[in-house]
Amino acid sequence: MNVTPPKDPRPNPMDHPDEQQPDGSDGSPKFGRLLIVLAIAVIMIVGITFGSQAYFS
């Protein structure tokens, strides 16, 4: 019995190497780091808003 392997649905016509994850990366997103950056950005915007209100009033 002759069994052929399944064809790749998206062939690699340019023969690029497979993409490798960088070392130390487990592939999971860093939601904690993103949340900290978002909180700092919100605090800066609030600070600028209140500071400009106090300065121009």
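Colleague: What should I know before we start?
Modeller: This is a predicted model, where local features need pLDDT of at least 70 and side-chain atom pairs count only at pLDDT 80 or more, while totals for chains, interfaces and linings use all residues. Residues are numbered from 1 along each chain as its sequence is written, and side-chain values use heavy atoms, with hydrogens and water left out.

Colleague: How many helices and strands are in the protein chain?
Modeller: The chain has one helix and zero strands; both are DSSP runs numbered from the N terminus, with at least four residues (H or I) for helices and at least two (E) for strands.

Colleague: Why is valine 46 called partly exposed?
Modeller: Buried means under 20% relative accessible area and exposed over 50%, with partly exposed in between (1.4 Å probe, protein chains only). Valine 46 has 40%, so it counts as partly exposed.

Colleague: What makes H1 lie largely in the open?
Modeller: The number of buried residues in H1 is zero, so the helix lies largely in the open.

Colleague: Why is the pair of tyrosine 55 and phenylalanine 56 called edge-to-face?
Modeller: Ring centres of Phe, Tyr and Trp (its six-membered ring) must lie within 6.5 Å; planes under 30 degrees apart are stacked, over 60 edge-to-face, and the rest tilted. Here the centres are 5.0 Å apart and the planes are at 80°, so the pair is edge-to-face.
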